[in-house]
Amino acid sequence: MKFSVFYLVLGLGCVCGCRATVDANYALTNAGVVNSGLHSLSSFYLWDMKSGTISELETGSDPKSCCRAVGSGTSFAAGGITNIGVKATGRAAGKEAAIASEIAQNAYLQLNVFSENKTKEPKTELHRDLNGEDGDEYKVQWQLEDALNPEAKLRYLKITRSLTAESAEIFYGTAATIGTSFPVETVKGTIEVEVTASSFNKFEGGTTPAIVEYAVYKIKKLRNEKGKIVYRFVDDTSITASDIAAALKARSAAQQK
């Protein structure tokens, strides 16, 4: 079971058919990407930005050795929900931006009974794997020489932080939305918001990450202090969280065809 997608159905109190559906899969929050589809904290991912493909690169690392638990508790709130998909019909058509803005400003995702994990120095782990005894195998598998070519547009994704939970709910202001609806007052009138209870099914044992943060790396080749040619990864700061979310969403859509 994948992490729950919440659907908000909004009615403008006008006529039948005046409604909108909001899909938060691959949405952005101030804690990371929602339900991203990439879950392994012990693996790196090769992102071909030209073709849009993202493939897992096995490192052989034990998750217990590359990750560390940093927190847990009864609830965790993630706000700033953006990058959502809005579909509106009837008189709600054309109000997509206003709906998205209202959610971004006033709604938040709460994870219940959560755990938080982070990776241990992901670039250090990368360098050890690439330049160690098995380095030649990695150089081929990870297409390092190709990645050195700027035209290749190859990047490497690594999960740096993940949050899992047993369940989730969306709050609008102070009102929990499971099994309830609530009115939102706008300059265009009252919007009745309903969130379907089926959007909040339990996660699969609380082990599938609900929210994930990523780092994006590009490759460099240089000579170390011993004169040996080595590969180093550096952060690609030109890639935004929205870019990552869009790529993950496209990957999911391609897999479902």
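Helices (H or I, at least four residues) and strands (E, at least two) are DSSP runs, numbered from the N terminus. This is a predicted model: local features need pLDDT of at least 70, side-chain atom pairs count only at pLDDT 80 or more, and totals for chains, interfaces and linings use all residues. Residues are numbered from 1 along each chain as its sequence is written, and side-chain values use heavy atoms, with hydrogens and water left out.

**View 1. T119 in strand β9.** T119 lies in strand β9, residues 107-119. T119 is buried at 7% relative accessible area (buried means under 20%, exposed over 50%, partly exposed in between; 1.4 Å probe, protein chains only). Its side chain reaches the backbone oxygen of I159 at 3.5 Å. Beyond neighbours within four places in sequence, T119 contacts L41, C66, C67, R68, K158, I159 and T160 (contact means heavy atoms within 4.5 Å).

View 2. E116 and R161 form a salt bridge at 2.7 Å, N to O (a side-chain nitrogen of Lys or Arg within 4 Å of a carboxyl oxygen of Asp or Glu). E116 lies in strand β9 and R161 in strand β10 (residues 154-172), so the pair ties together parts 45 residues apart in sequence. E116 is buried at 12%; R161 is buried at 13%. E213 also meets R161, at 3.5 Å, N to O. Shared partners join E116, R161 and E213 into one network. E213 is partly exposed at 29%.

**View 3. The K221 and E145 salt bridge.** The side chains of K221 and E145 meet at 3.1 Å, N to O. K221 sits in strand β14 (residues 211-223) and E145 in helix α5 (residues 144-147), 76 residues apart. K221 is partly exposed at 42%, and E145 is partly exposed at 43%.

Technical notes:
A polar contact is a pair of N or O atoms within 3.5 Å; within protein, one must be able to donate a hydrogen and the other to accept it, and residues adjacent in sequence count only if both atoms are side-chain atoms.
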